[in-house]
Amino acid sequence: MNDIDRLRDLALSETGFLFDPYSGATFSLNPTAVTILRALRGSADRVAVLETLKREFDVQSADLEHDLDEFIALLRREGLVSREFGLS
Amino acid sequence: MTTKPLYERPVLVRHQLGHMNKMGAMQVNRPLTHIDGVPVEELLARYGSPLFVFSERTLRERHQELTSAFSRRWPKLRVGWSYKTNYLGAIARIFHSEGSWAEVVSGFEYEKAVALGVPPDHIHFNGPYKPEPVLERALVDEAMVHIDHFDELALVEKIAKRRGIRPKVAIRVNLVAEGIPAWSRFGFSLENGQARDAVARLVAGDAMDLVGLHCHVGTFILEPQAYRDAATKLAGFANELRSRFGIALSFIDLGGGFASHNTLRAQYLPGGVATPSFERYADAICDGLATLDVRPQERPTLVLETGRALVDDAGYLLSSVVANKRLADGRRGMVIDAGVNLLFTSFWYKHELLPGVETRGMPEPTVVYGPLCMSIDELRDTMLFPPMKVGDPVVFKNVGAYNVTQWMQFITYRPAVVLIGRDGRHALIRRAEQLADVIGPEEMPPWLEKH
């Protein structure tokens, strides 16, 4: 199974509750993380995800690229995507 | 037109099971934005960051709670303010104004108490080492010297004879109290008969009068039963001294060791739940002392030297976030401008740390580091903490005991200390250090002067 399909199988609620049916683990996500996860289910395109964040949020002085990379690293660490997963 | 939500850094936190306890206690990061009505941000802007802050209201309230709990159960009570716990002049003066004597354990602390205006005969002088000139001064001044060992007993005799005085003294006793490790390094052992021998030796020497017994069962004692045990044993010993030597004690000193509302690193329940009230300690101690075989009007004064429980809850350390980083294992690292050199007690406690401003965003596992370039500079291991921006204030609670006496000029200067008065006025009680404070005592040898 590729990583995008794996992400699509996660049960994600509007309020940021996440259930991983493969491990049984549950997580809480803040609205930014929910938005990124939803975008990633569409495609792993870095520019597209960043554009989505800019469209959805009032971004003032954040380092979006850095935050996105950190979040991808978290997904890898929690086993929600494979170690090889990266943005194109 | 709809407003877009403000962007926050993405957070994903795995749910952990099994961390709750039966009391349902959980970590709550409700911000602490004001101390006694004074905004945290105002204090930091005026006095700088980091900053120790003390609440006069809490200091006095704790003292009154203590004296109220014991005075209802025992007719004569004396609190000895433990200088080693916090010897800042303003703090000590507040306790003295509430009626406390001073309890000191060194020549330095003795001089500090006298300089603050404490009459020497209102000083209990404890500790395993009192240098001869210091001991002589204290005896001549009629301070209450607590003898710790046989060598000191002999020294007191020598001084008394040399100076032609007959001091009133106490002896310190150590004993085994239920449920806690015995402290045998201070005083004379009750169980092996050493304390009895010490009194016999003191009486035979005929150079001083024994007027007090002192024992200190330990530190941060969460189980009042230990005090019941200690008080019962001391009362039994006092009864024996009365019948065997005709000694009528004027005081019995149960020392200190009452817990504050902090949480020890290895402690299961948080301090707010586990810490006994002064009422419970009072019940235990006064129950034990009730076994004294004296008429009610001859009951000795009960002396307490419990510093931590009086001052810890009144002290705060304000600090500021200087950086956020992501650690290799996914946790957030938050760097603040106060380190373990200022918050010595972070080696013992899981200190309660709160945001000093209203925060938004989801808490995530966070390790809190100080600014020192040393790996030991970790103030809190993983705790859930909300997102904080660089410059945001954070507040450590319950840091009034031992920190402003054990803090170190290590890598950084020591910061200012402020007192908030009962009416909301605030003032410096110790200014922030400068280079001259650190290098003042240094000397340059002649052969290095011209470099």
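Of the 109 residues in the largest nonpolar core, the ones that touch the most other members are F70(B), Y83(B), I171(B), L254(B), F258(B) and I285(B). A nonpolar core here is a set of buried Ala, Val, Leu, Ile, Met, Phe, Trp, Tyr and Cys residues joined through side-chain atoms within 4.5 Å, and buried means under 20% relative accessible area, with exposed over 50% and partly exposed in between (1.4 Å probe, protein chains only). Helix α8 of chain B, residues 225-245, hands this core its largest share, 9 residues. In soluble globular proteins, nonpolar side chains tend to be buried together.

A word on the ground rules: this is a predicted model, in which local features need pLDDT of at least 70 and side-chain atom pairs count only at pLDDT 80 or more, while totals for chains, interfaces and linings use all residues. Residues are numbered from 1 along each chain as its sequence is written, chains are lettered from A and ligands numbered from 1 in the order in which they are written, and side-chain values use heavy atoms, with hydrogens and water left out.

Back to L254(B): leaving aside residues up to four places away in sequence, its contacts (heavy atoms within 4.5 Å) include Y227(B), A230(B), A231(B) and L234(B). L254(B) also touches I285(B), L289(B), L302(B), V303(B) and L304(B), among others. A second, separate core of 31 residues takes in L29(A), V34(A), A39(A) and L74(A), among them.

L29(A) turns up again in a sheet. Four strands line up as β1(A)-β2(A)-β3(A)-β1(B) in an open, antiparallel sheet; helices (H or I, at least four residues) and strands (E, at least two) are DSSP runs numbered from the N terminus, and two strands pair if DSSP finds at least two bridges between them. At the edges, pairing on one side only, sit β1 (11-12) of chain A and β1 (12-14) of chain B. Strand β3 of chain A (residues 26-29) and β1(B) share 3 bridges, and L29(A) has L12(B) as its bridge partner.

Most residues other than glycine have a negative phi, and most peptide bonds are trans. The bond from S49(B) to P50(B), though, is cis, with omega near -5°, and P50(B) lies in the loop between α1 (40-47) and β4 (51-55) of chain B. D36(B), in the loop between β2 (34-35) and β3 (38-39) of chain B, has a positive phi of about 50° and is buried at 19% relative accessible area. I411(B) also has a positive phi, near 70°, but is exposed, at 53%; its loop runs between α12 (403-406) and β20 (416-420) of chain B.
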